[in-house]
Structures are given as C-alpha cells and as structure tokens.
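I opened this entry to look at one helix and its packing, then at the nonpolar cores. My notes follow in the order I checked things.

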Amino acid sequence: MAARDAALHLISAVLDRHRSLTDVLDEGLAGTTNPADRAFARLMAATVLRRLGEIDALLAQRLDRPLSRKARPVQHILRLGTAQIAFLGTATHAVVNCGVEQAKACPGRYDKLVNAILRKIAPVDADTGPEDPAINVPDWLWSSWRDAYGSETARHIARAHLREAPLDLSLRDPADTAQWATTLGGTSLAPGHVRLSRAGDVASLPGYETGDWWVQDFAASLPARVLVAGLENPSGAGVADLCAAPGGKTAQIAATGAVVTAVDSDPARVTRLEANLARLRLRATVCTADVAHWRPEDGRRFDAVLLDAPCTATGTIRRHPDIPWLKRPNDIAKAAVTQREMLRAALELVRPGGMLVYAVCSLQREEGKAQIDRVVGDGLARRTPIHENECAGIGVPDDEGDIQTLPHHRAGEGGMDGFFVARLHRPS
C-alpha cells in the first residue's frame with residue numbers, strides 16, 4: 001500500500017501541481033523505505049505518465065460520464081490502477097483492493113465506482129504499443145514532431161518513449177571498454193561506452209568508487225566527442241564547457257588532457273559537478289556564473305567552447321516521462337530566446353579561428369538547427385560539418401553536417417536520447 005500511495009503522490013504532483021518528477025521523487029518516496037517499494041512506486045508513476053492517453057481512453061470506455069473536477073484524486077487512483085493491470089501485469093484483486101482503500105480516503109463516496117471500473121480493466125500487450133502512438137502525446141507536441149520529421153518518424157519517436165531507457169556509462173579510459181563491459185555484464189555500442197539493461201544501485205557497481213566511469217546517455221556523449229575530434233591536439237587545449245553540470249561532458253574533455261573551465265549557474269549542480277570530478281580524479285577549473293554574461297577574469301579566449309544549452313529536454317522523455325505534461329508551446333519560444341543569447345555570448349569566448357560546439361537535448365527544430373542557421377546567416381560563425389567517422393555510430397550528419405539523434409535510433413540496442421549537435425568555427 002505504501003508504494004501505491006507514494007505513486008499517487010507523484011502522479012498528483014506532476015499533473016496537478018506541474019512539478020517535475022525528479023524534483024518530487026524524494027518527497028514522494030519519503031514514507032517508503034523499502035528499496036523494492038520505492039522502485040515499484042516510481043515505475044507505477046512513470047507508467048501512468050508514459051501511457052496517460054491510453055489509460056484515459058481505457059477509462060473513458062468504462063465510465064458512464066467524465067468525473068467532475070472535484071474528483072481529480074479519484075481519477076488518479078483509476079489511472080494508477082489501470083496502469084498496473086493493463087501494462088504492469090499486477091494481479092487485479094490486489095490492485096482493486098488497494099484502489100478501493102485509497103478511494104475511501106477521498107471526499108465523497110467513490111469506493112464502489114473504483115471497484116467496478118478497475119474490475120473491467122484487462123491486461124494489454126504493452127510490447128505492441130497503441131495503434132496510434134500519438135494518443136500518448138499532447139496535440140501541440142505531436143504536431144511539432146510531425147511537421148519536423150514526418151508522420152512515420154513521429155510515430156517511431158512516440159513508440160520509443162513507451163520504454164524505460166537503459167543505463168549508459170562513459171569510461172574514463174576507452175581502452176578498457178571490453179574489460180568493463182565484461183565486468184559490469186553490459187554491452188558496448190562504441191569505445192568508451194558500456195550499456196546496462198538494468199542498474200539497481202549505481203553507486204554499488206564495480207568501478208563507481210574508483211571513478212572509472214560516469215553515467216551518461218550514449219547520445220549525450222556526442223557533443224564532447226565532436227569537440228575533441230575537431231581539436232588538432234586536445235592535450236593542453238583551452239576549452240570552456242558552458243552549462244557544464246553535472247559534469248559528464250567536462251569529464252570527457254578533461255580525460256583527453258585538455259585544460260577545461262567548467263561553468264554553470266546553479267550552485268547545487270556545481271557542487272555535484274565538483275564531486276563527480278573528484279570521484280573521477282579529473283581536473284577542471286569550476287566557476288559558478290551566468291553563462292550568458294560570464295567572462296574569464298584574465299580576458300582570455302578559448303580554443304574551443306562547448307555550449308550544451310538549457311532547453312525543453314523533449315529528447316529525454318524516455319528518462320523523464322513527465323516532460324510532455326509539464327511543457328507548453330510557449331516554453332519552446334522562451335527557451336529559444338535564452339539559447340540565442342547564450343550562443344552569441346559563447347561565440348565571444350572563442351578565439352578567432354577557434355571552435356564552438358552547440359548542443360541541446362531537444363527534438364524541437366527551433367532549439368536546434370534554427371539557432372545555428374541564424375548565427376551563420378548573421379555572419380557570426382561558419383558551419384564546420386561533422387563527419388560520420390567522428391560520431392562513434394551515435395548519429396549520421398545531415399547534408400549541412402549537423403546531427404539530430406532521435407529516441408528510436410538504434411532501437412534494437414536500446415535507443416538513445418534525442419540530441420541536436422552542430423559545430424561552428426569563428427572567423428579568423
């Protein structure tokens with residue numbers, strides 16, 4: 001019961017109070033100490049968010065009329081119960097009993113309704129997915145993907161979001177890839193990478209305490225790979241990593257021998273970045289500052305700058321299934337303004353002839369290619385195409401040499417986050 005109550009709290013926090021699942025996870029699980037219960041609570045909440053459209057459609061078929069707004073808690077109880085029966089294979093009697101008890105705690109008399117509706121829910125083949133995956137995506141977001149990528153690709157994207165993402169690790173020493181894949185019982189998609197289908201407690205895995213690897217999605221490793229590939233000699237090169245926390249890209253670059261300055265505006269995230277670098281035994285100069293206005297005290301410029309700009313993060317829905325229900329269309333426009341300011345400021349930090357790599361973990365064209373088209377069109381930088389042999393199999397450059405990874409890319413091996421990456425050079 002504790003796990004289901006915790007899941008109900010998480011669902012309400014996201015859908016009613018518009019708080020991110022990450023932010024409320026500790027709060028929602030505070031009363032659940034058993035690790036298995038905590039994991040199950042998160043799985044239940046995530047399943048509701050991943051399949052919200054399907055769940056509401058199943059309930060609508062069984063309700064005589066929509067529930068009133070006052071019965072919102074009951075709606076969440078029904079959603080939670082439907083997720084368990086239809087998609088998680090939980091025994092119906094256990095789900096119904098818990099749902100009825102939860103309904104008794106709500107104002108009004110809804111326990112009989114919950115009992116009757118949940119008994120009508122049947123298991124669904126979760127692996128097949130809905131006939132129309134757009135059902136689990138808000139209309140405005142679906143339209144943006146369809147317009148950018150076409151209907152077929154948009155369907156592939158939406159289907160990829162129905163599955164939990166695997167755990168990807170980046171290795172401090174790529175030469176040890178085969179060894180760590182064997183030790184951790186994982187697979188490798190590229191040198192310096194190991195993928196685990198299930199992780200459990202990350203901190204208890206071999207190599208964590210000794211700093212031999214860090215957690216980083218396969219696609220998230222691409223921006224730093226592209227930057228390092230574009231340096232004639234990474235060792236000793238001056239590199240600024242902007243919006244650097246939690247530090248995966250900083251670690252990638254620092255491991256090559258580059259002299260890295262890592263900048264982030266969030267003090268808590270900076271603390272985490274410093275802790276990660278200490279665990280990995282890697283060095284970087286760390287600054288807490290607003291990237292749009294930060295300048296080195298000595299006025300120097302860098303051989304290369306990496307800007308992983310803040311964005312709507314629609315490329316990470318596999319990991320964060322709350323994103324579609326938290327974001328709004330105007331969030332894209334707001335993010336695009338911030339990105340434009342940061343991109344221009346970042347170019348000022350690049351020495352003449354130096355390089356800038358721009359990245360966002362977004363599927364929205366306004367946050368990716370449109371930003372690069374604008375600065376190139378204004379004459380502030382020139383595109384330097386990314387070559388396929390620089391990508392470690394993570395993505396394929398388009399005709400202009402930019403890369404947009406999508407969640408269903410390499411789907412048979414577990415997929416990846418959606419990232420846009422472009423490389424620029426400042427005129428000499």
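I took the expected span of a helix as 1.5 Å times one less than its number of residues. The model is predicted.

**Helix α3**

I started with α3, residues 35-50. This helix has 16 residues and spans 22 Å from its first C-alpha to its last. That is close to the 22 Å expected at 1.5 Å a residue.

I looked at the start of α3 next. There, a side-chain oxygen of N34 comes to within 2.8 Å of the backbone nitrogen of A36.

Which residues of α3 are buried? I found A41, M44, A45, A46, T47, V48, L49 and R50. Their cover includes α1 (2-15), α2 (21-28), α4 (52-60), α5 (72-87) and α14 (323-326).

**α3 against α5**

I checked this pair for its packing angle. The angle between α3 and α5 is about 95°, and their axes lie 9 Å apart. Angles of 65 to 115 degrees count as roughly perpendicular, so α3 and α5 are roughly perpendicular to each other. On the α3 side, the contact uses F40, M44, T47 and V48. On the α5 side, R79, L80, A83, Q84 and F87 take part.

**Nonpolar cores**

I then turned to the largest nonpolar core, which has 82 residues. W145, L227, L242, V305, L307, L356 and Y358 touch the most other members. Strand β8 (residues 350-360) supplies the largest share of this core, seven residues.

Leaving out residues up to four places away in sequence, L227 touches V239, I253, A304, V305, L306, M355 and V357.

I also noted a second, separate core of 42 residues. Among its members are V74, I77, F87 and V95.

Terms used:
Residues are numbered from 1 along each chain as its sequence is written. This is a predicted model: local features need pLDDT of at least 70, side-chain atom pairs count only at pLDDT 80 or more; totals for chains, interfaces and linings use all residues. Side-chain values use heavy atoms; hydrogens and water are left out. A nonpolar core is a set of buried Ala, Val, Leu, Ile, Met, Phe, Trp, Tyr and Cys residues joined through side-chain atoms within 4.5 Å. Buried means under 20% relative accessible area, exposed over 50%, partly exposed in between (1.4 Å probe, protein chains only). Helices (H or I, at least four residues) and strands (E, at least two) are DSSP runs, numbered from the N terminus. Contact means heavy atoms within 4.5 Å. A polar contact is a pair of N or O atoms within 3.5 Å; within protein, one must be able to donate a hydrogen and the other to accept it, and residues adjacent in sequence count only if both atoms are side-chain atoms. Axes are lines fitted to C-alpha atoms, for helices over the stretch in contact, and angles run from 0 to 180 degrees between N-to-C directions. Angles under 35 degrees count as roughly parallel, over 145 as roughly antiparallel, 65 to 115 as roughly perpendicular and the rest as oblique.
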